[in-house]
Amino acid sequence: MTEEAGSPGADDACAWGERLGWAFGLIADDPAVRSAALDQLAEAQRQVEDALDRCNELWRLTMPLGAEEQYQEPAFREARRRYG
């Protein structure tokens, strides 16, 4: 079954291709393509680690607010969204 342009499934596939299409390079025969994909992977891992560090930092800083207020704190919510 194919997705028609403009349908939710087609949009999801397009977004996936834009965000993660480079991952196919990890198994490419061309060493240059593999190298570029490995660089992209390393950068993605760095960004995830940075986002987790920021989320943890804000979690610690907002703990005194109490659980309900902590999870409503805009900076903490944004850090959790970015990490997710």
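A residue counts as partly exposed when its relative accessible area lies between the buried limit, under 20%, and the exposed limit, over 50%. Gly-21 has 26% relative accessibility and therefore counts as partly exposed. The model is predicted.

**Helix H2**
- Helix H2 takes in residues 31-62, which is 32 residues.
- At 1.5 Å a residue, H2 should span 46 Å, and its end C-alpha atoms are 46 Å apart, so the two values agree.
- At the start of H2, the backbone nitrogen of Ala-32 has a side-chain oxygen of Asp-30 within 2.9 Å.
- The buried residues in H2 include Ala-37, Ala-51, Cys-55, Leu-58 and Thr-62.
- Helix H3 (67-70) and helix H4 (74-83) are among the elements that cover the buried residues of H2.

**The loop between H1 and H2**
- Gly-21 lies in the loop that joins helix H1 (8-20) and H2.
- Between the C-alpha atoms of Gly-21 and Ala-37 the separation is 9.6 Å, with the two residues 16 residues apart along the chain.
- Of this pair, Ala-37 is buried, whereas Gly-21 is partly exposed.

**The largest pocket**
- The volume of the largest pocket is about 390 Å³.
- Its lining has 13 residues, and those closest to the centre are Arg-19, Ala-44, Gln-47, Val-48 and Arg-82.
- At least two lining residues come from each of H1, H2 and H4.
- H2 contributes the most to the lining, with 7 residues.
- By type, the lining residues are 6 nonpolar, 3 polar and 4 charged.

Methods. Residues numbered from 1 in each chain as written. Predicted model: local features only at pLDDT ≥ 70, side-chain atom pairs only at ≥ 80, totals over all residues. Heavy atoms only, no water. Helix = DSSP H or I, 4+ residues; strand = E, 2+ residues; numbered from the N terminus. Expected span 1.5 Å × (residues − 1). Buried < 20%, exposed > 50% of the residue type's maximum accessible area, 1.4 Å probe, protein only. Contact = heavy atoms within 4.5 Å. Polar contact = N/O pair within 3.5 Å; in protein donor to acceptor, adjacent residues only side chain to side chain. 1 Å grid on protein atoms, 1.4 Å probe; cavity = no way out; pocket = protein on both sides within 12 Å on 5 of 7 lines; lining within 4 Å. Points joined across faces, edges and corners; volume = space filled by probe spheres on them. Nonpolar A, V, L, I, M, F, W, Y, C, P; charged D, E, K, R; others polar.
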